[in-house]
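Visitor: Please take me through one part of this structure at close range. I would like a hairpin and its surroundings, strand by strand.

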Amino acid sequence: MTSFTLPKAYNFKSTEKRIYDWWESKGYFKPANDPNEPGFDPNVEPFVISIPPPNVTGELHLGHAMFVSMEDLMIRYQRMKGASALWVPGTDHAGIATQLQIEKALAEEGLTREQIGREEFLRRTWEWKEKYGGIITQQIRRLGASCDWDRERFTLDEGLSQAVREAFVRLYEKGLIYRGPRLINWSPGLRTAVSDLEVEYTEEPGKLYYFKYMLAGSDTDFIPVATTRPETILGDTGLAVHPEDPRYLDFIGREVVVPILGRKIPVIADEYVDREFGTGALKITPGHDPNDYEIGERHGLSVISVLDEAARVNEQGGPYAGQDRFEARQNLWKDMDAADLVIREEPYMMSIPRSQRGGEIIEPMISTQWFVRIQPLAEAALEAVRDGRITIIPEQFSKVYFNWLENIEDWCVSRQLWWGHRIPVWTCEACGEIVVSRQDPTECTKCGSTKLIQDPDVLDTWFSSGLWPFSTLGWPQETPDFNYFYPTSVMETGYDILFFWVARMIMDGLEFTGEIPFYTVYLHGLIRDENGRKMSKTYGNVIDPLVVMDELGTDALRFTLLVGSTPGKDMNLSLDKVEANRNFANKIWNATRLVLGSLERVAQTPMPNEETEPVPTLADQWISARLASLKRDVERLFQNYQYGEAGRQIYDFFWNEFADWYIEIAKLQLTEGDRQAYATARNLVQVLDTCLRLLHPFTPFVTEELWGHLKAAAGNVNPPIYPLLASEWEEALIVAHWPETTPENPWETQAISDFSLVMDVVRAIRNLRAEKNVKPKQYIPATLVGGDHTVVLQRQSATIAHLARLDTEKFTIHETMESKPDGNIALVIGSIEAYLPLEGLVDSAEQRIRLEKELTETTSQIERLETLLASPFTEKAPTNVVEKERSKLFTYLEKAEKIKSQLETLNES
Ligand SMILES: [Zn+2]
């Protein structure tokens, strides 16, 4: 009977990898209905998620752990519900991030990429990718991700490169791709354009510099102007004032002189100028500021670029040519001061654009780049969410999405990097013809010359990730996978990349496949530390998911992330929570041991020859009713994407109802033997089996392990005690069916309400026992006065006595009672009264010492909580956390009162 024995404690270390390898080797991660296999049924509904591809350079962080846990939950749930579930994994080549890694390694050898050349550089990068690119996917496996690894893709693999080519050429042929000078975000350190979304704005102290723009031909008249970046004065090509500003009306249409350089520029009127800000006059630098660029375009101002690729002042900067931007700022200001052009400086908080990668200050610069004309794509993408073809969860992010797409600007897609999809554009050296082609051309389409030069740039990484949901399924080929699995079902990702990625996939999906790429966008929140602060290396508060998995197990980490999450809302993570959930895994383990023990017991006693099934006890009915209600709640919550709440409810049911109550009662019922024992064991198996199924998407490892033991043990009982025959247990929990719900039945409500009376009575007596320090082994007398509930209580007297440890010889239940028994402690439980003769059981001197000690402890808790609640904690912590602390305080205050009154009673006697 080895199948009944379960080790005492759950050893996740020896379990997780074994189970994962087993799942994978059995092919459970593959879709049940595969269009590439015989027997494929096109009518079976697929459920598909494309993984947000992590950077191939990446190492697992909590953001990955979050999306992997969430997507795995969705996939496991749908798989168990019978959908043909497919989760497509893969990685992103991550242009800048990867290139920087290789350049760093080169630097250690004293080399630069220019020195070794493009070909060698790419060779080394691929070599690096082959060596280290699998780390992140191995780490994702550790989280239990049930991805179909046979379908793993890489954004630079052959198929995806072909998709990128196809997409670029189609856009070009439709006139949606153009090359031109435009103001872009320039990263001087990386010497490449970066997207708007890769720029982070931080509030930093700076200065506002006030100076004079002298009117041309005058030594005295000037317009005062303020700027935060004096070096851009060198690139000014106009000065703007509001058309109705009386201070400057006379200046409009005249010219002012650029300090030091002496260039004359026009004073223009534009309503964009804010009269209240600074001096009400705005210097216009179209070459280095996006707003100025627009104003300049409106007024036909010339564009002067004064910085080179490294953000040094170029030849346009006169005497400052060759100086770094910040050096030039100081020198120019010094010279202006000497020329009496400076008015004053004042401290100023400004919003500084910094590179997401590296943190250096980004310069808006004019550069010739490739652009996608985004307007037509954006229109279609807006429509798809407006008309409900795509649902964004939580709904409030739809507004953010609309707002962003309504104001979207053309997308600069070229990057001055080597690692990435090279732009498929060739220029003929002989005739200047531009050739854009799906295949590398060998000769000019116009003059036949073979001297073709390919554009040196690569495409923005997001160009390929925008195609991800369909390129990974085989597009542009009409593969069986593409035909069956596309559009995908859910796009699950952090709300922080709604624009970066999600909006682009929607635009691209509609443009290239004519269909939405997914039906639902589910956005999870970001993970912060336990105090709600962003996790960062600088704060030293980063939690490493790999360490957490090593120490507390994967299930504990997953459960914490999943149960703590609410769509679109950030969550605070503390290791205490993970530890508590590790204890939950142990609780499930221990409960299963008890259930297996009960099976062993019934398996050893022969099945009695009685014809009739025993009538279910109230506890049996109650647990069945609660289980039925739990299944309905979980289903409803899952349908509404409230996975966190669903997890909390399963947890509460398992711990507080099944383990703490039903299993305890079952111990008693099992002692009755015969049919009753069989029926009880069957209930235990049924509830546990259902709970393991419901918990599986949250905590896949421990549930799979225990379910295997349960299956083996239940199969050993003969005749079978479970509705399932031994042969009807599925192969594995991961592919077992999801519990079906049943409509609510009136007997369920009755059972729940009757049993709650039992629970209330037992709890009250247990509390009193604890309060009076009655030893657990001591069985005490009790008298209950039940009123209307007398019949229910009488039927449950054995259960109550068992759970409350009452002396059955001295336990009576009456409907009414004329006079209260003397020397008893009275308890009032709703309309039920209980009398317990506890006075004599405890020595009063001993009791006084205990009560005083307890009062001291309670008082110190009260003081601690009062201090906490008077602190800024109440404003910073989430409301529910504050509420919890408040209610703790309330409970302690009540307790203190009770202890005091008991002490008084003791003193009187
Ligand atoms: Zn040519």
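Guide: Start at the turn. Strand 5 and strand 6 form a hairpin, with four residues between them. Within that turn, Arg 191 has a positive phi of about 55°. The model is a predicted one.

Now the pairing. Strand 5 and strand 6 run antiparallel, joined by three bridges. Trp 186 stands opposite Ala 193 of strand 6. Strand 5 also has strand 14, residues 363-372, as an antiparallel partner, and ten bridges join these two. Here Arg 179 faces Trp 370 of strand 14 across the pairing.

How enclosed is strand 5? Strand 5 covers residues 177-187, and nine of its eleven residues are buried, so the rest of the structure largely encloses it. Buried here means under 20% relative accessible area.

Strand 6, residues 192-194, leads on to a helix. The buried residues of helix 3 pack against strand 6, and also against helix 4 (113-132) and helix 11 (461-465). Those buried residues are Gly 95, Ile 96, Ala 97, Thr 98, Gln 99, Ile 102 and Leu 106. In an α-helix there are 3.6 residues a turn, so residues three or four places apart point the same way.

After helix 3 comes Gly 110, with a positive phi near 75°.

Three strands make an open sheet in the order 19-18-20, with antiparallel pairing. Strand 19 (434-436) and strand 20 (452-454) are its edges, each pairing on one side only. From one strand to the next, the twist averages 30°. Three bridges link strand 18, residues 425-428, with strand 20 in the antiparallel sense. Helix 6, residues 158-173, lies across strand 18 and strand 19, at about 130° to strand 19.

His 524 is buried, at 6% relative accessible area. Its side chain makes a polar contact of 2.6 Å with the side chain of Glu 492. Beyond the neighbours within four places in sequence, the contacts of His 524 include Met 66, Phe 67, Thr 493, Tyr 495 and Gly 568.

Last, the interior. In soluble globular proteins, nonpolar side chains tend to be buried together. The largest nonpolar core in this model has 202 residues. Those with the most contacts inside it are Tyr 401, Leu 405, Phe 463, Phe 658, Leu 806 and Leu 836. Helix 19, residues 643-671, gives the most to this core, with twelve residues. Apart from this core lies another, of 36 residues, among them Ile 223, Val 256, Leu 332 and Trp 333.

Leaving aside neighbours within four places in sequence, Tyr 401 is in contact with residues including Ala 381, Leu 382, Val 385 and Ile 392. Leu 498, Phe 499, Ala 503 and Ile 506 are also among the contacts of Tyr 401.

How values were computed: Residues are numbered from 1 along each chain as its sequence is written. This is a predicted model: local features need pLDDT of at least 70, side-chain atom pairs count only at pLDDT 80 or more; totals for chains, interfaces and linings use all residues. Side-chain values use heavy atoms; hydrogens and water are left out. Two strands pair if DSSP finds at least two bridges between them. Axes are lines fitted to C-alpha atoms, for helices over the stretch in contact, and angles run from 0 to 180 degrees between N-to-C directions. Contact means heavy atoms within 4.5 Å. Buried means under 20% relative accessible area, exposed over 50%, partly exposed in between (1.4 Å probe, protein chains only). A polar contact is a pair of N or O atoms within 3.5 Å; within protein, one must be able to donate a hydrogen and the other to accept it, and residues adjacent in sequence count only if both atoms are side-chain atoms. A nonpolar core is a set of buried Ala, Val, Leu, Ile, Met, Phe, Trp, Tyr and Cys residues joined through side-chain atoms within 4.5 Å.
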